[in-house]
Amino acid sequence: MQISNNSVVQFHYTLSDATGEIESSHNHDPVLYLHGQPGLIDGLVEALEGRQAGDSFSVTLAADKAYGPRLDDAIQKVQVKRLQGAKKWKPGMVAVIQTDQGPRQVTIVKVGLSQAEVDSNHPLAGKDLTFAIEILDVREASEEELAHGHAHGAGGHHH
């Protein structure tokens with residue numbers, strides 16, 4: 001079965017940039033996602049389209065197809081109490097803040113007593129990324145998955 005809208009796809013990936021490996025799903029559950037729903041970066045969705053279980057391939061995405069270019073005006077001040085993920089903050093650490101668009105990763109630039117300067121660029125913005133993909137399983141989404149807009153099962157979302 002080929003990957004198309006409303007396919008549930010299970011895959012492992014290894015993500016690298018020019019300097020080497022960044023992360024891999026091989027250390028934990030494979031990714032499970034519903035094709036045609038938001039959640040994966042566009043370039044990866046395009047690369048998975050039409051593939052099938054058992055396919056292994058590698059795709060390099062230019063920054064604009066991955067997490068976008070780095071924006072210079074992305075430095076903003078936030079209340080330290082809004083930063084989630086650690087008790088003590090140091091420059092270079094990645095925090096999560098809740099925004100109107102949902103949770104967002106930011107990188108700490110400078111920390112004061114009550115305010116922190118954060119870089120709201122995605123940590124991988126401005127980088128060309130290579131994904132080595134191994135597709136484990138492709139199946140039709142169930143009616144329940146379609147109603148919820150995401151895949152259920154190991155590696156999927158549980159609500």
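Here are some notes on this predicted model, going from the whole chain down to a few single residues.

1. Ground rules. Residues are numbered from 1 along each chain as its sequence is written, and side-chain values use heavy atoms, with hydrogens and water left out. Since this is a predicted model, local features need pLDDT of at least 70 and side-chain atom pairs count only at pLDDT 80 or more, while totals for chains, interfaces and linings use all residues.

2. The overall layout. The protein chain has 2 helices and 9 strands. Helices here are DSSP runs of H or I with at least four residues, strands are runs of E with at least two, and both are numbered from the N terminus. Reading from the N terminus, the order is β-β-β-α-β-β-β-β-β-β-α. The C-alpha trace spans about 55 × 35 × 25 Å along its principal axes.

3. Of the 159 residues in the protein chain, 37% are buried. Buried means under 20% relative accessible area, exposed means over 50%, and partly exposed is in between, using a 1.4 Å probe and protein chains only. A contact means heavy atoms within 4.5 Å. Among the contacts with a separation of 6 or more, 63% are between residues 24 or more positions apart.

4. The open sheet. Which strands make it up, and in what order? There are 4, running β5-β8-β7-β6, with antiparallel pairing. Two strands count as paired if DSSP finds at least two bridges between them. The edges are β5 (75-79) and β6 (94-99), each pairing on one side only. From one strand to the next, the twist averages 50 degrees; the axes behind that angle are lines fitted to C-alpha atoms (for helices, over the stretch in contact), and angles run from 0 to 180 degrees between N-to-C directions.

5. Two hairpins in that sheet. β6 and β7 form a hairpin with 2 residues between them, and they pair in the antiparallel sense over 6 bridges.

6. The largest pocket. Its volume is about 900 Å³. A pocket is found on a 1 Å grid over the protein atoms alone: it is an open set of points with protein on both sides within 12 Å along at least five of seven lines, whereas a cavity is a set where a 1.4 Å probe fits but cannot get out, and lining residues have an atom within 4 Å of a point. Grid points are joined across faces, edges and corners, and the volume is the space filled by probe spheres set on the points. The lining has 30 residues, and the closest to the centre are Val-31, Gly-39, Leu-40, Ile-41 and Tyr-67. Two or more lining residues come from each of β1 (7-17), β2 (20-24), β3 (31-34) and α1 (42-48), with β3 giving the largest share, 4 residues. By class, the lining has 18 nonpolar, 8 polar and 4 charged residues. For these classes, Ala, Val, Leu, Ile, Met, Phe, Trp, Tyr, Cys and Pro are nonpolar, Asp, Glu, Lys and Arg are charged, and the others, Gly among them, are polar.

7. The second largest pocket. This one has a volume of about 280 Å³ and a lining of 14 residues, with Pro-103, Arg-104, Gln-105, Ser-120 and His-122 nearest its centre. Strand β7 (residues 102-111) gives the most to the lining, 4 residues. The classes split as 6 nonpolar, 7 polar and 1 charged.

8. Ser-120, buried or exposed? Ser-120 counts as buried because its relative accessibility is 9%. Ser-120 sits in the loop between β8 (115-119) and β9 (129-140). Leaving aside residues up to four places away in sequence, Ser-120 touches Ala-74, Gln-76, Arg-104, Gln-105 and Val-106.

9. Gln-76 belongs to strand β5 and is partly exposed, at 36% relative accessibility. With the same exclusion of residues up to four places away, Gln-76 touches Ile-97, Ala-116, Glu-117, Val-118 and Ser-120.

10. Asn-6 has a positive phi of about 70 degrees, although it is not a glycine. Asn-6 lies in the segment before β1 and is partly exposed, with a relative accessible area of 34%.
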